[in-house]
Structures are given as structure tokens and as C-alpha cells.
Amino acid sequence: QLQLAESGGGLVQPGESLRLSCVLSGSTWGNYVITWFRQAPGKDPEGLLCISSAGGTTLYADSVKGRFTISRDNAKNTVYLQMTSLKPEDTAVYYCAADFGTIKCHTVVAGKDPRYETWGQGTQVTVSS
């Protein structure tokens with residue numbers, strides 16, 4: 001069974017950068033896509049970026065376009081979310097989630113998309129001066 005664990009969150013000032021990590025463990029063989037989601041207080045979860053096993057990526061949230069990028073290091077079984085030019089509205093709990101058996105990233109995702117069977121515990125990102 002695939003398990004996910006996020007890390008790298010913290011408190012940063014506006015304009016700064018953070019890199020979140022999502023470490024995959026357990027049954028990491030096979031095809032799957034990994035998507036980063038976030039949930040701000042009082043808001044629905046939001047899909048941000050997806051990466052497939054082959055490295056193809058899909059952007060879901062225009063609010064992070066040009067600021068956030070997703071990448072993966074298969075040797076380390078890790079997917080990264082590089083966040084730059086952070087804004088107070090980026091404050092949220094960030095989750096990575098896996099849709100096992102899927103080859104390509106979905107065209108659209110729901111907030112708490114049921115196609116993603118495995119979720120990490122989340123990591124808090126707070127952007128504040």
C-alpha cells in the first residue's frame with residue numbers, strides 16, 4: 001500500500017519561497033499521479049499541480065501559475081512543490097495525494113477528489129509579515 005508524508009511547511013514572510021516534499025513509501029511501483037492540494041481555513045480544498053509517473057505535469061490553479069512548480073525525484077521517491085513569491089493568501093494546509101493506477105494527470109480535479117485514494121497528513125504553510 002502506498003503511503004505519503006509531506007514536510008517542509010512553515011512560517012514565511014510575503015515574497016519568500018518554500019519547498020514542500022512528499023515522500024512516497026510502501027508500494028511505489030506502478031503508474032500513479034501525484035497532486036498537491038491545499039485547504040485554507042474556511043475554504044474548500046483546491047487542487048494545485050499534478051505530476052505523472054512519466055513526469056508530465058498539469059496546472060489546476062491559476063492562482064499559483066508562474067509561482068509554483070511540481071517536480072519529482074524517482075530515485076528518492078519524492079515529489080516536490082516549489083513555491084516562490086509567496087502571498088498571505090497562500091496560507092493553507094498543503095496535502096499531496098496519489099491516484100494509483102492512473103497514467104496521466106486528470107484534466108480537472110475536485111477539491112477532495114475521490115479518485116485520489118491516498119492522502120498525506122498535510123503540512124501547514126503560513127505566509128505573514
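**View A. Phe37 and its ring partner Trp119.** In this predicted model, Phe37 has a relative accessible area of 0%, so this residue is buried. Its ring pairs with that of Trp119 in a tilted arrangement, with the centres 4.7 Å apart and an angle of 40° between the planes. Because Phe37 belongs to strand β4 and Trp119 to strand β10, the pair ties together parts that lie 82 residues apart in sequence.

**View B. An aromatic cluster around Trp119.** Here we widen the view to take in the neighbouring rings. Phe37, Tyr95, Tyr116 and Trp119 are linked into a cluster by ring pairs. A search of the whole structure gives five aromatic pairs. For Tyr116 and Trp119, the centres are 6.4 Å apart and the planes stand at 65°, so this pair counts as edge-to-face. Tyr116 has 3% relative accessibility and is therefore buried.

**View C. Lys112 over two rings.** Which ring has the charged end of Lys112 4.0 Å from its centre? That ring is the one of Trp119, and the charged end of Lys112 sits over it. Lys112 also lies over the face of Tyr95, at 5.9 Å from the ring centre.

**View D. The disulfide between Cys22 and Cys96.** The structure holds two disulfides, and this view takes up the one formed by Cys22 and Cys96, with 2.1 Å between the sulfur atoms. The bond links distant parts of the chain: Cys22 sits in strand β3 (residues 18-26) and Cys96 in strand β9 (residues 92-100), 74 residues apart. Is the disulfide left-handed or right-handed? The torsion about the S-S bond is about 80°, so the disulfide is right-handed. Cys22 and Cys96 are both buried.

**View E. The disulfide between Cys50 and Cys105.** Cys50 is joined to Cys105 by a disulfide, at 2.1 Å from S to S. Distant parts of the chain are linked here too, with Cys50 in strand β5 (residues 46-51) and Cys105 in the loop between β9 and β10 (118-119), 55 residues apart. The torsion about this S-S bond is about -90°, so the disulfide is left-handed. Cys50 and Cys105 are both buried. With the bonded cysteines of the protein numbered in sequence order, the pairing reads 1-3, 2-4.

View F. Ser52 is placed in the loop between β5 and β6 (57-59). This serine counts as buried because its relative accessibility is 6%, under the 20% cut-off. Leaving aside residues up to four places away in sequence, Ser52 touches Tyr32, Val33, Arg72, Ile103, Lys104 and Cys105. Cys105 is the bridge partner of Cys50 in View E.

**View G. Ile34 and the nonpolar cores.** The largest nonpolar core has 28 residues, and Ile34, Trp36, Phe68, Leu81, Met83 and Tyr94 have the most contacts inside it. Elements giving two or more residues to this core are β1 (2-7), β3, β4 (32-39), β5, β7 (68-73), β8 (78-83), β9 and β11 (123-127). Apart from this core lies another, of eight residues, including Phe37, Cys50, Tyr60 and Ala97. What does Ile34 touch, not counting residues up to four places away in sequence? Its contacts are Leu4, Leu24, Leu49, Cys50, Ile51, Ile70, Val79, Cys96, Ala97 and Ala98.

Terms used: Residues are numbered from 1 along each chain as its sequence is written. This is a predicted model: local features need pLDDT of at least 70, side-chain atom pairs count only at pLDDT 80 or more; totals for chains, interfaces and linings use all residues. Side-chain values use heavy atoms; hydrogens and water are left out. A disulfide is a pair of cysteine sulfur atoms within 2.5 Å. Helices (H or I, at least four residues) and strands (E, at least two) are DSSP runs, numbered from the N terminus. Buried means under 20% relative accessible area, exposed over 50%, partly exposed in between (1.4 Å probe, protein chains only). A nonpolar core is a set of buried Ala, Val, Leu, Ile, Met, Phe, Trp, Tyr and Cys residues joined through side-chain atoms within 4.5 Å. Contact means heavy atoms within 4.5 Å. Rings of Phe, Tyr and Trp (its six-membered ring) pair if their centres lie within 6.5 Å; planes under 30 degrees apart count as stacked, over 60 as edge-to-face and the rest as tilted. A charge sits over a ring if NZ of Lys or CZ of Arg is within 6 Å of the ring centre and within 35 degrees of the ring normal.
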